[in-house]
Amino acid sequence: MNLQVEINEETLQDIINIETGLLKPLDGFMRETDFRSVVDRYTMADGQVFTIPVTLDVPKQIYDSATGGQTLDLMFQGECVAQIQAESRYQMQERDIEQVFCTLEEAHPGVWKEKNRSPFRIGGKTKLLKTDLLKDALKPEELKQVFKNNGWKTIVGFQTRNPIHKAHEHIQRLGLELCDGLFINPIVGWKKTGDFTQEAVIAAYEQMIREFYPAGRVHMAGLKTQMRYAGPREAVFHAVIRRNLGCTHFIIGRDHAGVGGYYGAYDAHDLARRLSSEHDLGIQLLLTREPYYCTKCKQVVTDHTCGHYATNRIEISGTIIRKYISDGHIPNEIMMRKEIFDAILGCGEVFIK
């Protein structure tokens, strides 16, 4: 009888995303050689860029027993949903966590989550047994066919965990100027408490596409995966996922996938430039500056197009809009369209509890 490992919903989603090819070049949970290379050098052992460790944590007794490439049954809610060939065993150290997240402070949601996992990891090829779980999964081949049917040769991907506001609208319109189509791909997996619910994000974007964007030039589909809040590493990780989905371009903005001031505003740009110069990522990265409202120019601009950043800038961000709404205020229309705000309120639960 195979050893059994109980997994949670996020681990199951990783298995699904590996199965669909969303996380190529992964064919399973990382072996030690790939894990070490990703943590230390931002690449798989064979040199392909991959910046986030995707690993299976197991109890110590399973770790001690799983040897010689034996098959482990991965159990979810009492059912065997997948299997892994236990090809590699290793431990996640505190220094690894610090390298990934640039901090060991447990106030960082990614660090807190990683520290609450077992440090014992098993790597190897996975196989999804419960294939009906693929029914609603985002599949690269199907999405590529959508792009082809639309006649799009260049597609810019946009990652978000917030409803659309005027700063993101500014960036997305830049993407539409450059590419045939815009692919809005919001995260609908695990996010931290206080973030917008996926229902609020989807409702806002549906309203935006319906009322404001040109017909036939925008496609939206949710990406079911957890946020790691790993800043620069996660920005490039998000680009790799969008490349796998068929995007030719990907937008990396200010403090992409950041949280709580743990990363510099443009650290993600620095890492993206470095890795792009050293490797062929297979996708072009659009590194956009922070859009803000200028009270003198009277429009949304960036510090590359406006000379009043220090004197006339009104910041626009998901954090500010979350505070407005949680405090019972309507965001100013220089930050968010009233139609979008109404769509958010109309979806029911606005914030993750």
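Me: What is F50 in contact with, leaving aside its neighbours within four places in sequence?

Reply: This is a predicted model, and in it F50 touches L23, K24, P25, L26, M30, V38, Y42, T43, M44, F237 and V240. Contact here means heavy atoms within 4.5 Å.

Me: What makes the set of residues that includes I7 and F50 a nonpolar core?

Reply: A nonpolar core is a set of buried residues such as Ile and Phe, joined through side-chain atoms within 4.5 Å. The largest one here has 75 residues, and I7 and F50 have the most contacts inside it. Helix α9 supplies the largest share of this core, 6 residues.

Me: Which residues of α2 are called buried, and what covers them?

Reply: Buried means under 20% relative accessible area, and in α2 (residues 32–41) that label goes to D34, F35, S37, V38 and V39. Their cover includes β6 (88–91), α4 (94–101) and α9 (232–244).

Me: What makes β14 and β15 edge strands?

Reply: The open sheet has 3 strands in the order β14-β13-β15, with antiparallel pairing. β14 (299–301) and β15 (313–315) each pair on one side only, and that puts them at the edges. Neighbouring strands of this sheet are turned by 40 degrees against each other on average, direction ignored.

Me: Why does the radius of gyration of the protein chain agree with a compact globule?

Reply: For 353 residues, a compact globule would come out near 20 Å, and the protein chain has 21 Å, so the two agree. Along its principal axes, the C-alpha trace spans about 70 × 40 × 40 Å.

Me: How many residues of the protein chain count as buried, as a percentage?

Reply: Of the 353 residues, 55% count as buried, with the cut-off at under 20% relative accessible area. The accessible surface comes to about 15600 Å², and 47% of that belongs to carbon and sulfur atoms. As for secondary structure, the protein chain has 13 helices and 15 strands.

Technical notes: Residues numbered from 1 in each chain as written. Predicted model: local features only at pLDDT ≥ 70, side-chain atom pairs only at ≥ 80, totals over all residues. Heavy atoms only, no water. Buried < 20%, exposed > 50% of the residue type's maximum accessible area, 1.4 Å probe, protein only. Helix = DSSP H or I, 4+ residues; strand = E, 2+ residues; numbered from the N terminus. Pairing = 2+ DSSP bridges. Axes fitted to C-alpha atoms, helices over the stretch in contact; angles between N-to-C directions. Rg over C-alpha atoms; globule rule 2.2 N^0.38 Å. Areas by Shrake-Rupley, 256 points an atom, 1.4 Å probe, with all protein chains shown as cover.
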